[in-house]
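Please examine the sequence and the three-dimensional view before reading on.

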2 protein chains.
Amino acid sequence: MPVTVLLVDDEPLVRAGLRAVLETQPDITVVGEAADGASVIPLVRQLRPDVVAMDVRMPLMDGIEATRAVLRTVEQPPKIIVVTTFENDEYVYDALRAGADGFLLKRARPAEIVHAVRLVAEGESLLFPATVRKLAAEYGDRPGNAQARAVLERARLTEREAEVLRLMTRGLSNGEIAVRLTVGTETVKSHVSAVLAKLGARDRTQAVITAFESGFVTPS
Amino acid sequence: MPVTVLLVDDEPLVRAGLRAVLETQPDITVVGEAADGASVIPLVRQLRPDVVAMDVRMPLMDGIEATRAVLRTVEQPPKIIVVTTFENDEYVYDALRAGADGFLLKRARPAEIVHAVRLVAEGESLLFPATVRKLAAEYGDRPGNAQARAVLERARLTEREAEVLRLMTRGLSNGEIAVRLTVGTETVKSHVSAVLAKLGARDRTQAVITAFESGFVTPS
DNA sequence: GAGCGTCTCCCCCGCCCGGGGGAGGCCGGT
DNA sequence: ACCGGCCTCCCCCGGGCGGGGGAGACGCTC
């Protein structure tokens, strides 16, 4: 079954470009377009696309708002890929925290764009850092994986949060971390929640995976 | 504060050896000895040791039974290290599945024995594969980490279980795995439980950590 | 002094998770 | 024909987890 995609971007040029790129693939179909965030929800309800490629910076309602709105109001929401021009777009991270499943640079090569759509459609990377990682791999990044690491750096974990994440990668529960740091369990929960939000992880398992894949901790 | 240890082994020679090795450390105190599994529970209640070094093969009640009994009946149970003569002792894995925190070969060097006791005392490796990994590192194992990997091989995951574990390392929830494999959520839960038991993991996070550290999956 | 970020703790709440059982069907080996 | 392993699904149940709020204390900068 083909992957259906809804394009959301205020620039017709970008939409045309994405459409052209994606429609080269027999298993990907662009089922609709929107020029602003406000029109997204009705279109999603009507077209029920598998994936929404969403620009972050748009008039009326930006990509962050729109992402939040879609995830909040639509049952079985589509996967959402945030599209951006700038590598370190602050809004992208906000969108990812709002629940987007991946992000894409507008200057990405066609193969990368196609790849990203397929990945999130498969649900293979509900965990967005995996997308980052795979894209980075296609970029031919050096083994250290600078781009994935950048997500963590960008996430700007505080010292305490980093320490909590480290203990999470040791398999400790919130209670055990609390004992280790001699603080309350509620405090640990706060830090864990902050870590999850900053990494775009849904639960501690995804956070630990991100920690491993980004090189925050090493298996050996 | 010093680490207190209870020794459980039917051979006086082994007990004496362990005592000699451990008492060389100023921060480790052997607080008691038992010659069979049946005497362990009252002694644990009385002495409240941090760590129990438990032989697997013993008369009356073996180490597996004793481990289970201690964990079931004692509040705030001690950490339990399973001691064995043979590298691939089937019973060891049973004991680990019963809830033991680590294992130790009798022919291990003194430094390794001390190390193992300290590790579990710190709770640093509630997750036993971490212990395996660290011991393997001391053994000067090659990077591939044969010994840790052996745990997984030994665990003998079925095809289905391995597939479920792989999806767990992608950050998927039980429900998502169920959809992916087109089976019921209850089925996935069964497989996950089996994986946790075989890996000696307490939750999916620990299982994923084990998967990464054993090379079952690779971060890159 | 006002703001901001960080760390700490608290509440409520729903849900997923994992443990404990059991059970049926399939297949392959003895 | 029997048994054992595997896969599948089911029940109940408790607890940890994570979201959503809020709040006070400290130290920093402006």
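## A partly exposed glutamate and its partners

The model discussed here is predicted. In this model, A:Glu33 counts as partly exposed because its relative accessibility is 31%, a value between the limits of 20% for buried and 50% for exposed residues. A:Arg19 also counts as partly exposed, at 28% relative accessibility.

Side chains of opposite charge can pair when their charged atoms come close. A:Glu33 and A:Arg19 form a salt bridge, in which the closest N and O atoms are 2.8 Å apart. This pair links distant parts of the chain: A:Glu33 belongs to strand β2 of chain A, whereas A:Arg19 belongs to helix α1 (residues 12-23) of chain A, and the two are 14 residues apart.

## Further salt bridges

Over all chains, the structure holds ten salt bridges. One of them joins A:Glu176 to B:Arg202, with the closest N and O atoms 2.6 Å apart. This pair crosses between chains: A:Glu176 is in helix α9 (residues 174-181) of chain A, and B:Arg202 is in the loop between α10 and α11 (204-213) of chain B. A:Glu176 has a relative accessible area of 21% and is therefore partly exposed. B:Arg202 counts as partly exposed as well, its relative accessibility being 40%.

Another salt bridge is formed by A:Asp203 and A:Arg202, whose closest N and O atoms are 3.7 Å apart. Salt bridges that share partners also join A:Arg15, A:Arg19 and A:Glu33 into one network. As for the pair A:Asp203 and A:Arg202, A:Asp203 is partly exposed at 24% relative accessibility, and A:Arg202 is partly exposed at 40%.

## A buried aspartate without a salt bridge

Where in chain A does A:Asp36 lie? A:Asp36 is found in the loop between β2 (28-34) and α2 (40-47) of chain A. A:Asp36 is buried, yet has no salt bridge. The nearest side chain of opposite charge is that of A:Arg15, 8.1 Å away, while a salt bridge requires the nitrogen and oxygen atoms to be within 4 Å.

A:Asp36 does have polar partners. A polar atom of the A:Asp36 side chain lies 2.9 Å from the backbone nitrogen of A:Ala38. The side chains of A:Asp36 and A:Ser39 make a polar contact at 3.1 Å. When neighbours within four places in sequence are left aside, A:Asp36 is in contact with A:Val8, A:Met58, A:Pro59 and A:Leu60.

## An annotated aspartate

A:Asp55 lies in strand β3 (residues 51-55) of chain A. Is A:Asp55 buried or exposed? A:Asp55 counts as buried, because its relative accessibility is 3%. An unreviewed UniProt entry carries the annotation "modified residue: 4-aspartylphosphate" for A:Asp55.

## The surroundings of DNA strand C

How many residues surround DNA strand C? There are 18 such residues, and the closest are A:Thr158, A:Arg160, A:Gly184, A:Thr187 and B:Arg204. Three helices each supply at least two residues of the surface near DNA strand C: α8 (159-168) and α10 (185-199) of chain A, together with α10 (185-199) of chain B.

Of the atoms of DNA strand C within 4 Å of the protein, 70% belong to sugar or phosphate, and the rest belong to bases. Phosphate oxygens of DNA strand C are approached by both side-chain and backbone atoms. From chain B, a backbone N or O atom of B:Arg204 lies 2.6 Å from a phosphate oxygen of DNA strand C, and for a backbone N or O atom of B:Asn174 the distance is 3.3 Å.

## Chain A and its enclosed helix

Chain A has eleven helices and five strands. Of its 220 residues, 52% count as buried. Among contacts in chain A between residues at least 6 apart in sequence, 63% join residues at least 24 apart.

Why is helix α11 (residues 204-213) of chain A described as largely enclosed by the rest of the structure? The reason is that ten of the ten residues of this helix are buried. Among them are A:Arg204, A:Gln206, A:Ile209, A:Phe212 and A:Glu213.

Conventions: Residues are numbered from 1 along each chain as its sequence is written. Chains are lettered from A and ligands numbered from 1 in the order in which they are written. This is a predicted model: local features need pLDDT of at least 70, side-chain atom pairs count only at pLDDT 80 or more; totals for chains, interfaces and linings use all residues. Side-chain values use heavy atoms; hydrogens and water are left out. Helices (H or I, at least four residues) and strands (E, at least two) are DSSP runs, numbered from the N terminus. Buried means under 20% relative accessible area, exposed over 50%, partly exposed in between (1.4 Å probe, protein chains only). Lys and Arg count as positive and Asp and Glu as negative; His and the chain ends are not counted. A polar contact is a pair of N or O atoms within 3.5 Å; within protein, one must be able to donate a hydrogen and the other to accept it, and residues adjacent in sequence count only if both atoms are side-chain atoms. Contact means heavy atoms within 4.5 Å. UniProt positions are given in the numbering used here, feature names are shortened, and annotations may be inferred rather than shown by experiment. A residue is near a molecule or strand if one of its heavy atoms lies within 4 Å of it.
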